[in-house]
Every structure is written in C-alpha cells, then in structure tokens.
Amino acid sequence: MTDLLAGFGTVLSPQYLLYAAIGVTLGTFVGVLPGIGPALTIALLLPVTFSLDDPIGTFIMFAGIYYGAMYGGSTTSILLNTPGESASVATAIEGYQMARSGRARAALATAAIGSFVAGTISTLLLTLFAKPFAALAVNFRAADYFALAVLAMIAVTALVGRSLVRGLMSLSLGLFLGLVGLDGLTGQARFTFGTLQLLEGVDVVVIIVGLFAIGETLYVASRLRQLPEHVTPLEPVGGARWMSRQDWARSWRPWLRGTAVGFPFGALPSGGADVPTFLSYTYEKRRSKHREQFGKGAIEGVAGPEAANNAAFSGVLVPLLTLGIPTSATAAVMLAAFQIFNLQPGPQLFEKSPELVWALIASLYVGNVLLLALNLPLIRVWVKVLQIPRPVLYAGILVFATLGVYVASNSVVQVLIAYGIGVVGYFMRHFDFPIAPVILGAILGPMMELQFRRTLLLANGDFTVFVSRPLTATLLGLVVLAVLLPYLPRMIARLRGRTAERLAFGEDD
C-alpha cells in the first residue's frame with residue numbers, strides 16, 4: 001500500500017498529470033480513426049519516446065494512450081461499424097444497431113462507464129497480485145523462462161487466426177527478424193547478407209511501425225470502398241441525455257461479469273482481449289431476458305464485451321511486468337517501449353525501479369478517471385474526427401510513420417526496411433496471416449534463444465534438464481495443450497458424429 005501511495009504521489013504531480021492527459025487525449029484521437037486499434041496507435045506514437053528522457057512520464061503517457069485508444073475504438077465501432085481491432089467486433093454488432101435506432105448516446109455511455117468500472121476493478125486486482133507474483137517469479141530459472149517464452153508464442157499462434165500453419169509461418173518470420181544481426185554470445189553475424197546496416201539487427205520499432213502503421217494502413221486503405229463512410233449522427237440532447245434508469249439496470253451486471261472474465265484471461269499466456277470479449281458477448285446473449293434484441297441493439301452486448309476488453313488490459317500487465325512476457329501484440333509493443341529505456345520487465349523490475357512500476361499502476365487509476373471526465377463531454381469532437389477524408393487520413397499516417405522511423409534511426413535504410421516489412425504485412429493481412437505472432441517472435445525469440453543456450457551451458461549440454469524440473473516440464477506440457485486446444489471442438493464433434501469448426505479467435509491488436 002505504501003508503494004501505491006508513493007505512485008499516486010508521483011502521478012498526481014502537475015507534470016505527470018499532464019502526461020496522463022496527453023496520453024488519454026492522443027489515444028482517443030488516434031483510436032477514433034477508422035480501422036486503427038490500440039497496437040497501431042502505440043506503434044505510431046512509439047518513435048516519439050526517442051525524444052523523451054523520462055521513462056516514468058513515457059509509460060504514464062502510454063497507459064493513457066492505450067485506454068484512450070480502446071475507448072476511441074468503441075466510438076468508431078458504434079458510430080461507423082468499423083472496429084479497429086477484433087476485440088471491438090462484439091461492440092460493433094450491438095452498438096451500431098443501437099446507434100441506428102437513435103440510441104447512440106446510450107451505447108457510448110455504457111461503453112465508457114463500463115470501461116471505467118472494469119478498468120478500476122482490474123487495476124485494483126493488478127495492484128494486489130503484481131508484487132506477490134513478482135516475488136514468486138524470482139524463483140524462475142533459465143529453463144523456466146525458455147519454456148514460458150515458448151508457451152506465450154505458441155499459445156498466441158495457435159489461438160489467433162483460422163490456420164495453425166499460417167500462424168506458425170508468421171511466428172517463423174518474427175523469429176527470423178529477431179535473429180538478424182550479431183550473435184549475442186559469439187559475435188558472429190547472422191542473416192545480415194553482407195550489409196553493415198544490419199549488423200545491429202532490425203530494430204523492434206522498425207518492425208512494429210512497418211507491420212502496424214504501414215502494413216495495416218495500406219491494407220485498410222485498399223479496402224476504402226468496402227468500408228462505410230456514413231457516420232451515424234448523435235441524437236438530440238433533449239430527453240434522456242445518456243442512459244435511462246432501465247439502461248443502468250441492464251448494464252451494471254454485465255460490467256461486473258465482463259470484468260470477472262477479462263482480467264484472468266488477460267493474465268494468461270495467449271491472453272489478450274479477444275477471447276474474453278466474445279465469451280462475455282455469448283454469455284450475455286444466453287442469459288439475457290431480452291434475447292430477442294440481440295443483433296438489433298441490446299445494451300448488454302455493448303456493456304459486457306467493453307468491460308471485458310478493458311479488464312483484459314490490466315490482466316495483460318501481470319505477466320508483462322512480473323515476467324517480461326507479452327501475451328498480446330499491444331503488450332509486445334509496450335515491451336519494446338521498455339527496451340528503448342534499457343529496462344527489462346520482470347521480477348527484478350520491482351526491486352530496481354519500484355517508482356516506475358507503481359507510478360505506472362497508479363496512472364491506470366488516474367487515466368480511467370481522466371478518460372471518463374474528458375471523453376463523454378467531448379464526444380461531438382470525436383464525431384468530427386470521424387469525418388476526416390479517408391485519403392488524407394491514411395496518407396498522413398504514412399507520412400507520420402516514415403518520419404517517426406527516420407527520426408528514431410537516422411537511417412534511410414531502416415525506413416526502406418520498414419516499408420519492406422509493411423508491404424509484407426499488407427499481404428499477410430490480405431491472405432489472412434496473423435500479425436501478432438510476428439511481433440512476439442521478434443521480441444521473445446532472442447530471449448528464448450538466450451535462455452535456451454544458457455540452460456544447456458549450465459547443464460553441460462544435457463537436454464533432460466527441460467523435463468527434469470517440474471515447472472519447466474509443466475510449462476512445456478501446456479505448450480502441447482495449447483496446440484491441441486483449437487482442435488478439441490472438432491475432435492469431440494467427430495466422436496459424437498457431428499461436424500464443428502476449429503476453435504479460433506481474432507487478433508488482439
């Protein structure tokens with residue numbers, strides 16, 4: 001509790017409150033733009049950190065950017081039926097129908113308040129569990145970290161997208177990009193193709209900006225004619241301004257249930273927000289007394305998934321801060337931000353930089369309040385943002401991404417690499433290859449290799465070390481389970497003489 005109070009003391013200073021307000025506003029502004037999710041938002045603004053020398057302020061701003069981007073994504077889903085990430089699909093299903101029937105304000109309000117409730121409760125859970133979990137993680141050895149990295153990569157790869165083969169191909173690309181450059185142990189050049197500029201490897205920022213800011217923008221721009229351009233107008237202010245008493249009665253339970261589902265799923269390897277949002281939507285649909293309204297604008301279908309979406313983010317921070325393991329694409333982008341400041345999330349982070357960790361956690365509480373205080377009154381401003389001409393919007397994103405990479409690297413070669421990766425990312429999206437495994441492979445691949453070689457070095461080359469330690473063997477067993485899990489519905493259906501699809505979830509951007 002003392003650590004958290006110290007964190008609040010840091011965040012509530014005028015300087016860091018300004019960082020939080022800037023993050024919330026920037027995140028909402030960029031997140032409102034059609035087709036842009038939290039990962040793309042953070043990737044687009046990641047090069048900005050190179051001009052900042054204050055890691056605490058930077059991460060407070062990033063936390064605000066993430067929360068703001070998620071809120072902005074719900075606004076786009078409700079008013080334009082264009083979710084910027086797969087976790088907002090459920091919101092778009094019901095929220096857009098509510099807006100079409102003249103209840104846009106109620107949909108936006110239940111999304112905002114649900115985000116606030118879920119974010120506050122899940123941040124409280126993060127506060128309670130983070131430090132004990134970090135203390136437990138101190139006992140992890142090199143073999144355990146290797147197995148945990150494999151679990152995170154394989155679990156996300158197996159559950160994201162409709163094809164395991166495509167997911168593994170994406171992961172292989174990420175592993176390849178992560179291994180480019182000098183070998184950390186021997187100094188041998190790998191995959192540099194004789195190019196001096198690649199001796200230091202491909203910067204993670206270049207990969208992230210290339211895949212998200214460039215590749216995703218090219219993909220969304222190529223589908224401009226297929227996307228709706230009409231923004232559903234807000235109804236007049238007269239009458240029930242936001243939510244009626246009945247709306248409150250139908251929303252508060254889905255908010256709590258969505259929070260209960262979102263936080264633990266976010267904390268799991270292969271977590272993220274996709275699984276809990278769809279589970280929340282399905283559960284609310286099954287138990288609702290107004291089941292006939294689903295598909296036509298049921299407020300529970302907005303309240304539950306939006307709460308699950310925001311609660312999952314605090315859950316994602318548990319393995320990220322305590323183990324240094326990202327469980328979603330957005331968490332991987334935030335891990336890259338830590339690396340910019342030469343910080344390695346994990347159990348030692350709570351000992352070496354407690355002021356940073358607790359200021360970040362405290363900023364989640366403050367960011368939630370700022371988000372609610374700023375965004376509902378400014379909703380008409382965000383509606384105006386949605387009306388920016390699409391060609392101007394996406395051309396501006398490409399220019400901003402290009403300048404960001406050049407300022408960060410001061411190299412034209414790195415800019416060309418970013419565009420090359422962006423073109424690959426465009427074709428991956430076009431042919432339905434998942435993007436998240438590439439990011440996880442590029443970031444976790446070098447760590448996995450280092451821990452693997454360190455384990456064998458300590459064990460004198462004895463491979464049985466990976467099965468002789470119970471925790472390592474358990475984690476590797478979970479890897480096998482993660483590969484088989486998507487096929488369980490099909491296997492069970494065959495035993496019953498029925499047919500079923502492979503279990504898969506959308507990508508958490």
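Residues are numbered from 1 along each chain as its sequence is written, and side-chain values use heavy atoms, with hydrogens and water left out. Because the model is predicted, local features need pLDDT of at least 70 and side-chain atom pairs count only at pLDDT 80 or more, whereas totals for chains, interfaces and linings use all residues.

Helices (H or I, at least four residues) and strands (E, at least two) are DSSP runs, numbered from the N terminus. Helix 8 comprises the 16 residues 164–179. At 1.5 Å a residue, taken times one less than the number of residues, helix 8 should span 22 Å, and the 22 Å between its end C-alpha atoms agrees with this. Its buried residues (buried meaning under 20% relative accessible area, exposed over 50% and partly exposed in between, with a 1.4 Å probe and protein chains only) are L164, G167, S170, L171, G174 and L177. These residues cover an arc of only 145° around the axis, so they are on the same side of helix 8; the arc is that of the directions from the helix axis to the C-beta atoms. Just after helix 8, G181 adopts a positive phi of about 120°.

Seven salt bridges are found in a search of the whole structure, a salt bridge being a side-chain nitrogen of Lys or Arg within 4 Å of a carboxyl oxygen of Asp or Glu. One of them joins the side chains of D3 and K131, with an N to O distance of 2.9 Å. Since D3 belongs to helix 1 (residues 2–11) and K131 to helix 6 (residues 104–137), this pair ties together parts that are 128 residues apart in sequence. Both partners are partly exposed: the relative accessible area is 29% for D3 and 40% for K131.

A further salt bridge links E449 and R190 at 2.6 Å, N to O. E449 lies in helix 19 (residues 436–458) and R190 in strand 2 (residues 189–190), so parts 259 residues apart in sequence are tied together by the pair. E449 is partly exposed at 21% relative accessibility, whereas R190, at 18%, counts as buried. E449 also forms a salt bridge with R453, the closest N and O atoms being 3.1 Å apart. R453 and E449 are both in helix 19, four residues apart, or about one turn of the helix. R453 is partly exposed, with a relative accessible area of 26%. Through shared partners, salt bridges join R190, E449 and R453 into one network.

Helix 17 (390–409) and helix 18 (412–430) are the elements that give two or more residues to the nonpolar patch. V412, which lies in helix 18, counts as exposed at 53% relative accessibility.

N368, by contrast, is buried at 1% relative accessibility and lies in helix 15 (residues 354–375). Leaving aside residues up to four places away in sequence, N368 touches Y67, S115, F116, G119, T120 and T123, where contact means heavy atoms within 4.5 Å.
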